[in-house]
Amino acid sequence: MGENDMPVKRLSFLALLLALSMVLYMTIGSRGNWDFVLAFRGTKLLAIIAVSVAVSTSTLLFQTIAQNRILTPSIMGFDALYVLIITMMVYFFSGQGMLSFGSYGLFAFNTLIMLLASFLLFGTLIFEHGRDLTRMILTGVILGTLFRSLTSFATRMIDPNEYAHIQIASYASFNSFNTELLYIGVAVIIACLIFVWTIRHRLDVISLGYDVAVNLGENVRTVQLLALAVIAILVSVSTALVGPVAFLGLLVVSIAHLLTPSPNHSTLLLSSALISCIILVGGQTIMERMLSLSTPLAVVIDFVGGLVFLLLLLQRLKK
Amino acid sequence: MISVRNLTHQLGQQTILDDLSLTIPKGKVTALVGANGAGKSTLLSLITRLMKLQDGQILIDNMNVGETPNDALARKLSILPQSIQLEPRLTVRELVSFGRYPHAKGRMQKQDWNKVDEALTVLDLNELADRQLDTLSGGQRQRAYVAMTYAQDTEYMLLDEPLNNMDIAASRSLMRVLRELCEHHGRTIVIVLHDINYASGYADNVVALADGKIDQEGTPLDVVDSAFLHRIYGTDAKVHILDDRPFVQV
Amino acid sequence: MNRVATTLMALLVLLVIATLSLFVGVIDLQPKNLFNPEELELLLVSRLPRTLAVLITGSALAVCGTIIQLLVRNRFVEPMTAGTGQGAMLGILIAILYFPSASLIVQICIAATMALISSIGLMLIVIKLPATKPLYIALVGLIYGGIIGAGVTFVAYQADLLQYIEIWTTGEFSGVLQGRYETLWIAAIVALLAYLIADQFAIVGMGRTTAISLGLNYNQVVVLGLITISIVTALTVVTVGMIPFVGLVIPNIVSRLYGDNARLTLPITAFFGASLVLICDIIGRVVRYPFEIPVGTIMGIIDALIFLWILYGRERHAR
């Protein structure tokens, strides 16, 4: 416990690797037009990093409050829920009505609904059935299907012209993102990260299990609710910026547990955020700049993340 | 002193505890015994706020459980839960250091680490200190958790069936440690026990529960005899007295 | 009500819905006008083929669901989502990429072969898992399907065939016309043949030891079952697209109501499956008249709700 046993070497190595991928991302194929490149690629880089950190942090938090290492917000259907909320907004208020909210107002409103819905759905699920892991996962998968089907249903009910206002693809794209929300999104993410950092020790205690945490004097429910709120906000921001990210969180946090095994959230928060940034920035550089593949990085991450998930499950079953 | 007044607890239609009142003295080892479903674990969970109080009052010295903040209670009493539900990937020393959380809140000082070292020494865990929990045997792991509650440095330590899944050597060693904590470190120990012989062998007081009520309490010699076994467990067995302690011939 | 009476009732209900289905659509068609040559043509060219296609897919998929659940001895597995459907998609993708000039039947064969290979893959994984954790196995199935699905998406992106994926992943009957669905009859025949050896599937469902002790050629029956499932799934995906969840929800309901004696319950399963898909298809036709909502979307919503009910209803029975 405490920060004195942080794996400084490994974290610095990860930070160096990230710096390298950022430099490569900014420079490869830039043809020397620096003013343009800095502004254009810089904004993209900012968005990618913001999303990476939001995803890694929300996944880590979720695994702590759900007390296992295979659930993630997106497996549980959080981002599908956010997409559904936006679609429903278009359906009920119509595209024009939505525009009158202003994009900030709309984002705030969506996030608020997302908060309420997460408390209702996932809060009940974690509190009532949290000890039955498999049932939780299946419920999450089914809820995800339900949200996606409802979204697709609502989409068909909406006038195609109004549908253009939704602007959320089924796959996250790190190339075209919502620039309007970028700066406010980054601010919200930073605020969340600061808050999470202040409760990092309380999270350490929660991860020891309900009885032990109560014994150590922690109000487990309070911390779980706080974390759930942060998760809902982070998922809202990242989904609003680039779309659903599926298996990225799982992949990143699993790697973090492997590279920097630690009971401390201080270490895990840092390492998973670094790894997440490396995967997205580095992956984007390789896929787009070096191999010029047309497949979105998210598809590749889904494939690899799915494999990791399967291996984790099989490993657990063997025990 | 833990005083329990008029405690009633229901689960659905079922009454688990029925207007139960009890005083547990300070500085002693008190064993809670009784048949399965008598309400021992529920009683312990209520005292340790793992379950929500429905009706009645529990005072620990002058602290009212249910009104006292969680972290203040965590400096007063500690719990060793019945089953450790998940295996955190921690070393023994890391686990024990979490016992200081109610005091240090994550900012460990020199005296906190001293307490951790003391706990490791008292529970004879120095050699295992840097091993991962999941590489230990059941008994060793249980001892590591006891060390954590020791480091928590509370007057009261409550343990819910700690001998489950432990062999005779590990069980005896743990019971001896608990006696030692009571006699030389002034801790008050409350322990739920399945095996009546461990209760009569190591406890100062035995409290017997039946159907959510206190059936009998007193020293092992006062409580444990053939009639008692028949009444509480519905089994007929001989009881022998050895060194002023009664033992059931199983 | 005894089983024979129920079976007859189910058949009767199905016939009523099927008749209804003939007269629901964009062009108004009244029973009294049937002798009118134009309207008769509409019925024969469009409405009847569509209704038949729904009946065949619904019943065949429900039967396949029962079979795979007996083979892997798990109630929560379904071919369409557990790899077979995705395998079929991979097969057609390969057919389009490498054998573009092959006939439809050859393409279907390639699809069925890939579906079979991925079903065998699932079977090999599941055999190694303890039967005591049914929900885990279901989860492994879903993820397994997801990984193959991500692979399919990757290939489709690279080959610029993404629009096909859209078509295959959302099942839809609006394109069914005379001359464009007849291959589905193969699925009907295959499902009927499977019914002839229903007893053997039921015995396999009791486990390998029991099956062998009863003198069954275990491996042979398993392979026959997998072939049945692969052919039906491939035909469905190629002709109308993925129809998820029928194979999951219907066998579960039937098993709850009428037990697991496959020979006796398979007809009910088939009738229920056909009714469910048909009802969803009719809803899809009328809910946003004159536009259509794909049956896959409607099924996603209805079946997710039914599945959640099964998942949480079970608990109440256990207590």
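A nonpolar patch, as the term is used here, is made of residues with over 30% relative accessible area and no salt bridge, with nonpolar side chains joined within 5 Å. The model on display is predicted.

**First stop: a patch on chain A**

Select Phe13(A), Leu17(A), Leu20(A), Leu24(A), Ile286(A), Met290(A) and Leu291(A), which form a nonpolar patch on the surface with about 640 Å² of accessible area together. Two elements of chain A, helix 1 (8-27) and helix 12 (265-290), each give two or more residues to this patch. Helix 1 of chain A provides the largest share, four residues. Centre the view on Leu17(A), which lies in that helix; Leu17(A) counts as partly exposed because its relative accessibility is 33%.

**Second stop: where chain A meets chain C**

Next, display chains A and C together. The contact takes 40 residues from chain A and 35 residues from chain C. About 3,500 Å² is buried between chain A and chain C, and carbon and sulfur atoms give 78% of that area. Zero salt bridges are found across this interface, and zero residue pairs are in polar contact there with both residues at pLDDT 80 or more. On the chain A side, select helix 4 (103-129), helix 5 (133-157) and helix 13 (297-318), the elements that give two or more residues to the contact. Helix 5 of chain A gives the most, with 17 residues.

Move to Thr51(C), in helix 2 (residues 37-71) of chain C. Thr51(C) counts as buried because its relative accessibility is 4%. Leaving aside neighbours within four places in sequence, show its contacts: Ala18(C), Ser21(C), Leu22(C) and Leu278(C).

The whole structure holds 18 salt bridges over all chains. Select Lys105(B) and Asp71(B), whose side chains meet in one of them at 3.5 Å, N to O. Lys105(B) sits in the loop between helix 4 (101-104) and helix 5 (110-122) of chain B, whereas Asp71(B) belongs to helix 2 (residues 70-74), 34 residues apart.

Then select Lys115(B) and Asp153(B), a salt bridge with its closest N and O atoms 3.5 Å apart. Lys115(B) is in helix 5 of chain B and Asp153(B) in the loop between helix 6 (138-151) and strand 7 (156-160), so the pair ties together parts 38 residues apart in sequence. Lys115(B) is buried, at 15% relative accessible area, whereas Asp153(B) is partly exposed, at 31%.

Finally, select Asp204(B) and Arg179(B), a salt bridge with closest N and O atoms 3.1 Å apart. Both Asp204(B) and Arg179(B) are buried.

Conventions: Residues numbered from 1 in each chain as written. Chains lettered and ligands numbered in written order. Predicted model: local features only at pLDDT ≥ 70, side-chain atom pairs only at ≥ 80, totals over all residues. Heavy atoms only, no water. Patch = residues over 30% accessible without salt bridge, like charges linked within 9 Å, V, L, I, M, F, W, Y side chains within 5 Å. Areas by Shrake-Rupley, 256 points an atom, 1.4 Å probe, with all protein chains shown as cover. Salt bridge = Lys/Arg side-chain N within 4 Å of Asp/Glu carboxyl O. Buried < 20%, exposed > 50% of the residue type's maximum accessible area, 1.4 Å probe, protein only. Contact = heavy atoms within 4.5 Å. Buried area = accessible area lost by both parts, 1.4 Å probe. Polar contact = N/O pair within 3.5 Å; in protein donor to acceptor, adjacent residues only side chain to side chain.
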